[in-house]
Amino acid sequence: SRDFDPLKLHKTFTGTAEFHYFENEKRELFRHALLQLGWAGVTWAGINFADDRSCIDYMLTRPEIDGSRLGVTGLSGGGWRTDMMLALEHRIKAGVSVGWMTTNQGSFETNFKGAIGVFTPLPGAWNRMDLSDAVSSGFPVNAMYIVGSKDNLFPSDAVDEAFAKIKANYTRAGVPDNVGFARPDTVHCYNAEVQQITLDW
């Protein structure tokens, strides 16, 4: 078996070439582990969602927490996890997803490795339901979606199309004021400006 003890690696891998070798080895092992999970009928997205729901279970045991006013927010992968919580977890009352909203087509065409990665695939869903429709299923939850105008994770037109679809879905559901959108002049970040937009929402 291969030994990836960090202390030993620190002494062995000292240059750029060695670093890339280690990164490639790690990535291959991770991919293999995810394949094993998939063969067992488990997805990384499902594991993330189960973990996030468990966090809510725990918070609701705390006497100092008002379980009727729970919110969620996150950037990038945390934005994706926020998307899933807003869509599927009825105990969440409000949330702000930052840096992860697009159409399915927009995500596949541009940054499959960096944006889709290993944590977002939903087997049997991608070709049947657009992400914007999936997150809309959580209405009437109060939701905001923020993607910086300089965020290059997804094409700008795909972000705008997803925003329009979500807005249309909330409007059809009779709760157009329960959803908000922002395209601040930022890159892929959760800086003070984005934090203020979140707090205001």
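Just after helix 2, Gly41 takes up a positive phi of about 85°, and that is a handy place to start a walk through this predicted model. From there we can look back along helix 2, which covers residues 16-39, and then turn to the salt bridges, of which a search of the whole structure finds 9.

**Helix 2 and its neighbour**

- Helix 2 is built from 24 residues, and its first and last C-alpha atoms lie 35 Å apart.
- That span is close to the 34 Å expected at 1.5 Å a residue.
- Which residues of helix 2 are buried? They are Glu23, Glu25 and Leu34.
- What do these buried residues pack against? Their partner is helix 3.

**A link between helix 3 and helix 4**

- Asp52 and Arg81 join their side chains in a salt bridge, at 2.8 Å from N to O.
- Asp52 sits in helix 3 (residues 44-59) and Arg81 in helix 4 (residues 77-88), so this pair ties together parts that are 29 residues apart in sequence.
- Asp52 counts as buried because its relative accessibility is 16%, under the 20% cut-off.
- Arg81, at 27% relative accessibility, counts as partly exposed.

**A link from helix 3 to a loop**

- Helix 3 also supplies Arg53, which forms a salt bridge with Glu89; the closest N and O atoms are 2.7 Å apart.
- Glu89 belongs to the loop between helix 4 and strand 2 (94-98), so its pairing with Arg53 ties together parts that are 36 residues apart in sequence.
- Is Glu89 buried or exposed? Glu89 is buried, with a relative accessible area of 3%.

- Glu64 is exposed, its relative accessible area being 55%, while Arg62 is partly exposed at 32%.

Definitions and conventions. Residues are numbered from 1 along each chain as its sequence is written. This is a predicted model: local features need pLDDT of at least 70, side-chain atom pairs count only at pLDDT 80 or more; totals for chains, interfaces and linings use all residues. Side-chain values use heavy atoms; hydrogens and water are left out. A salt bridge is a side-chain nitrogen of Lys or Arg within 4 Å of a carboxyl oxygen of Asp or Glu. Helices (H or I, at least four residues) and strands (E, at least two) are DSSP runs, numbered from the N terminus. Buried means under 20% relative accessible area, exposed over 50%, partly exposed in between (1.4 Å probe, protein chains only). The expected span of a helix is 1.5 Å times one less than its number of residues. Contact means heavy atoms within 4.5 Å.
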